[in-house]
Amino acid sequence: MPHQDQDTSLRHRLGRTLRTPIGVTALTACLLVALVAVFGPVLLGDQAARIDTDAINQGSSAAHLLGTDQLGRDIAARVVVATRLTLRLTLLAAVIGVGGGLLLGVAPAVVGRRLGRLITATVGVLVAFPGLLFLLFLATIFGVGSTGAVFAVGLAMVPPMARLVQNLTASIAGSDHVAAARILGVGRFKLVVRHLLPNIAEPSVLFATQAAGGILVAFSGLSFLGLGVQPPEYDWGRLLNEQLNRIYVNPAAALAPGAAVVLTGLMFGLVGEVLAQAGGRRAPQAREATPQQQVKPQDETAPDGDGGALVRARDLRVTFPGGRQAVRGISLSMGVGEAVGLVGESGSGKSLTALALADLVPHPGRVCAGTLRFDGHDLRADPRLGTELAMVFQDPMASLNPALRVGRQLTEVAEVHLGANRAQATARAVDRLGAVRIPSPERRARQRPHEYSGGMRQRAVIAMGLMGEPKLIIADEPTTALDVAVQQKVLDLLAEVREDSGAALLLISHDLAVVAQVCERVLVMYGGLIVEDLPVAQLAGGAAHPYTRALVGAVPTMATDPGTELATIPGRPPEPGEAGAGCPFAPRCERARERCHDDAPGLAGFGPGRQVACWYPVDAVSTGAPDRATSHGAEATS
């Protein structure tokens, strides 16, 4: 079972860490302190409580190792007996501090924005307040005694713990795997337990164990000041208070409780280091799925109301606050089994277009369109991600949850979207990993993402998309940061997947060579608009838009003369909201004329199977297509 493998792996790492010098030291210290706390009061309780008026305030001797107090009680025995109460109160305060810190730390990631901001601001104010004054303030509120001291010290630990957890959670909450979990409909509690806490466990545990040492010191300090443990009970802080006035007469009696505080605090720190080195993170046991029906078969009778097109979008826009449009009313269509490349500079709107099709545009982005249909269904009312639509992201390490096993992440897709039970989903996950050429898929399914190479992680993400029966695969820069050999393997794999499943492919890439190798048609985007749509065979020498030609000219080939100066595009792409009334490429285009700055051209036919958005396309005369600006002028004259 997967959770049994997790237990075995954790025990293995912990056992290996305990064999190191720091592990041996921490284990020995823990055992020693535990033995003293358990057996100390049993063996020395009577001696610590026995009053002997004939032995008042004696120094160290064979009978009394650390001497006696003002009632003749053995100080060494009292230090030993005080271990149990001191540790018990320290651990209770630590539980309050860690629990409260975790609660306030993860809350901003799962509650509403306004409440989250209020919690964050409150924690910030409390952290800015001096810790010692805050502790004394709480001690005054809760009153004198061990119970009040436990709450005071525990609550004083909450703000720094919450601030740490908030910072850690913020970095995890923005990850793709957390976004995917939200899309899958994972509840808030499960989102925290399965996706947030496991990924912040290591630094949180380390902080908590080290903070336990601080709690021990703080609690002892309150008892030393008379605000903590009250007679007849006693802890190390109270013993230190009782013997401090005799430090010059019997220094051992005064230093022994202080040494116990320091050494035990160091023990907590060593425990934290051991847990951190052992990995500290453990994915929680997944709840056993309720038996459900078999994997639902693909609906092959879905109506096709889009003229044979698998994907059809008209006037698609992605808008952000302030009216900034990153995608500005594009229209596109894809046929069944077609491979289309989407190219352009960074910031041109390629990835947002793909995310809009997959219903994954992050908040506060807003998607609107006149038409947005996939396989006869309205994507806005019936998203198909996970069943008939697959998404392959650019960075698989950010898409995969590092705390969960790869196989578990694949099975979740089948359980949520396809209604599969655990056994069916596991079998399909292993099958899909094998389908993407991952060796030993059963063993690899039990591994975590960091145990995969970069190419294998990308294959695993492709396998996740194949958990359903996708009719469209959207691949957003799937070969980025991979070496050339691995890139070729990933591209070959995508080609095999298309051939086996008949799925269409929307490939987003900066690499025109990759697009030319894989795709049949190319869409060129600039400034949130599609400026050219042409067959891939005409990309190298037949592009009509000046921007497309500049992109092609900027890429050297094996036949390029070493002395050839590559094409460059002056200026920079427009930011969302910067586009004016004319063509967005006009400020950077050497062919631009007055009309280009005043009037934006629409995407129009330019020969068989081609469209271009340009008033003065390149080689207009040689292709037999008219100059659009001239034609427009002629129409106006007539």
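**Exercise 1. Find what share of the contacts in the chain, among those with a separation of 6 or more, comes from residues 24 or more positions apart.**

Step 1. Contact means heavy atoms within 4.5 Å.
Step 2. Among contacts with a separation of 6 or more, residues 24 or more positions apart account for 68%.

The model is predicted: local features need pLDDT of at least 70, side-chain atom pairs count only at pLDDT 80 or more, and totals for chains, interfaces and linings use all residues. Residues are numbered from 1 along each chain as its sequence is written, and side-chain values use heavy atoms, with hydrogens and water left out.

**Exercise 2. Describe the chain by its secondary structure, its buried share and its accessible surface.**

Step 1. Helices (H or I, at least four residues) and strands (E, at least two) are DSSP runs, numbered from the N terminus. The chain has 21 helices and 13 strands.
Step 2. Buried means under 20% relative accessible area, exposed over 50%, and partly exposed in between (1.4 Å probe, protein chains only). Of the 638 residues in the chain, 48% are buried.
Step 3. The accessible surface, from the Shrake-Rupley method with a 1.4 Å probe, is about 30,000 Å². Carbon and sulfur atoms hold 60% of this surface.

**Exercise 3. Describe how helix H2 packs against helix H3.**

Step 1. Two packed helices are described by the angle between their axes and the distance between the axes. Axes are lines fitted to C-alpha atoms, for helices over the stretch in contact, and angles run from 0 to 180 degrees between N-to-C directions.
Step 2. The axes of H2 (residues 21-49) and H3 (residues 75-110) come within 7 Å and cross at roughly 130°.
Step 3. Angles under 35 degrees count as roughly parallel, over 145 as roughly antiparallel, 65 to 115 as roughly perpendicular and the rest as oblique. H2 and H3 are therefore oblique to each other.
Step 4. A crossing is left-handed if the near helix is turned anticlockwise from the far one by less than a right angle, and right-handed if clockwise. H2 passes H3 in a left-handed crossing.
Step 5. Residues of H2 in the contact include Val 33, Val 36 and Leu 44, and those of H3 include Val 80, Arg 84 and Leu 87.
Step 6. Ala, Val, Leu, Ile, Met, Phe, Trp, Tyr, Cys and Pro count as nonpolar, Asp, Glu, Lys and Arg as charged, and the others, Gly among them, as polar. The contact of H2 with H3 has 12 nonpolar, four polar and two charged residues.

**Exercise 4. Describe the contact of helix H16 with helix H17.**

Step 1. The axes of H16 (residues 454-465) and H17 (residues 484-501) come within 10 Å and cross at roughly 15°. H16 and H17 are therefore roughly parallel to each other.
Step 2. The crossing of H16 over H17 is right-handed.
Step 3. In H16, Gly 455, Gln 458, Arg 459 and Ile 462 meet Val 486, Lys 489, Val 490, Leu 493 and Leu 494 of H17. This contact divides into five nonpolar, two polar and two charged residues.

**Exercise 5. Is Gln 243 buried or exposed?**

Step 1. Gln 243 belongs to helix H9 (residues 236-243).
Step 2. Its relative accessibility is 3%, so Gln 243 counts as buried.
Step 3. Leaving out residues up to four places away in sequence, Gln 243 touches Asp 69, Gln 70, Ile 75, Ala 253 and Ala 254.
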